[in-house]
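Work through the following exercises with the sequence and the model side by side, and try each task before reading its solution.

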Amino acid sequence: MAGNVYGADVVELRSLSERLSRSAADLDRIANLLTHQITATTAWVGPNAQSFRGAWSGSHRGTIASSARALRDCAAALRRNADEQDRTSAADSSSAHHSYAGSSGGGGGAALNASRAGGGHGSLIGGLQDLFRDTSKKVPWVSLLMPGGAAMLAVGLMPGVLSRFKFKELRLGDEDNHILISSDGTISVKAEVIKSELTFNQNDSSFKAQLVGLGMEHTKEGAWGVLATPGVHVGPLDLSAGLEVTYNPLTGVIAPSGEYEVGIDHLIATDGSIHKQWNPATGDVGTQVSMAGEVLGARHEVQAAEFNDKFVSSSETDSFTAGPASFSHTHSQSLTPEGTYVEGTADTATLSAFVGLDSTFFAVKADPVGISHSDISSTSVTADGTRTTSNVSTNRNSW
């Protein structure tokens, strides 16, 4: 086609239209396959099975069909816009150029107006194209999970939607088999049937993949690691332990760590962890240790940190939670590299309630709504003996 094209790129419009049409077809095909499997299987029986089959035929199947129709409508609008662009670009190139430059005359003005017709299709299409491109960059496994990309496009955009409306996370599925989407950009897929879980953060490219308690990870700091998290559940007893070793090729730091947790029916629990960071090039070793015990909502926790066997900091926290109310008292000590010793206490009282909905196959959680009051007192002593004391009181409203 001779001459310049004004408005949206026709080739891109038609390409995007085809992709949307294919995505709609993929949704229909998957929905039909799931419908057949859900209605035909005889391995899953009982009230939960009947409830889910009713929800599937009553709402879930219709939602997928509506999404497919919306994709087809958008594809048709793209094709119409492409046809309009072809007709507009076929006009006199010189006249269109003068109109674009601001001329109030004749056919060029009509061509420019035509490109703006239909409620600003050009800007809308550009936005849609950018949306697809940005999501593909942030969620690189979109094309692997679904060639059409429609379902994973929605999943990839959900963290931003949750953050916009101050929701913390959204779960699609039950507790054991689900997709969990968090407002911080984390997307987790869990399949208890095969004892596997994949967690990916689209903002910092960190991920963790586990199969039967064994796995590998890539942290947001750029380190790669292996981990093992075996767990035992016997009646009311829960016992879990974790071992992890990471290596950062940028800093050369090797970080082994271990942790454990033992609990009985949410009534009594104890947990602890030890984390080390070792730099073979310099010989520096940092250590962080924590231990805690909890009985009926009352928790006592101790934390300590060392660097090359020298004291860095320690803290001791007592807290109690009863329904929406919680109270905590922390006593901390630390020594800065400059030799300043700091000792402080912090008392916090919080009254809050969690907002959300939790059902068998769907859950959404928001940050707690409430108020808190904190009193923080600290005293610092420099190497020359200078002593400074400060007291701060703070009131906060969350959400």
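**Exercise 1.** In which sense do β6 and strand β7 (residues 224–228) pair, and over how many bridges?

*Solution.* This is a predicted model, in which local features need pLDDT of at least 70, side-chain atom pairs count only at pLDDT 80 or more, and totals for chains, interfaces and linings use all residues. Residues are numbered from 1 along each chain as its sequence is written, and side-chain values use heavy atoms, with hydrogens and water left out. Strands are DSSP runs of E with at least two residues, numbered from the N terminus, and two of them pair if DSSP finds at least two bridges between them. β6 and β7 pair in the antiparallel sense over 5 bridges, with leucine 214 having alanine 228 in β7 as its bridge partner. The hairpin of these strands has 5 residues between them, and there glycine 222 takes a positive phi near 95°.

**Exercise 2.** Which strand pairs with strand β5 (residues 207–211), and in which sense?

*Solution.* The partner is strand β6 (residues 214–218), paired with β5 in the antiparallel sense over 5 bridges. Within this pairing, alanine 209 stands opposite methionine 216 in β6. β5 and β6 form a hairpin with 2 residues between them, and valine 212 in the turn has a positive phi of about 50°.

**Exercise 3.** Is leucine 237 buried, partly exposed or exposed?

*Solution.* Locate leucine 237 in strand β9 (residues 237–247). Buried means under 20% relative accessible area, exposed over 50%, and partly exposed in between (1.4 Å probe, protein chains only). Leucine 237 is partly exposed, because its relative accessible area is 34%.

Technical notes:
Helices (H or I, at least four residues) and strands (E, at least two) are DSSP runs, numbered from the N terminus.
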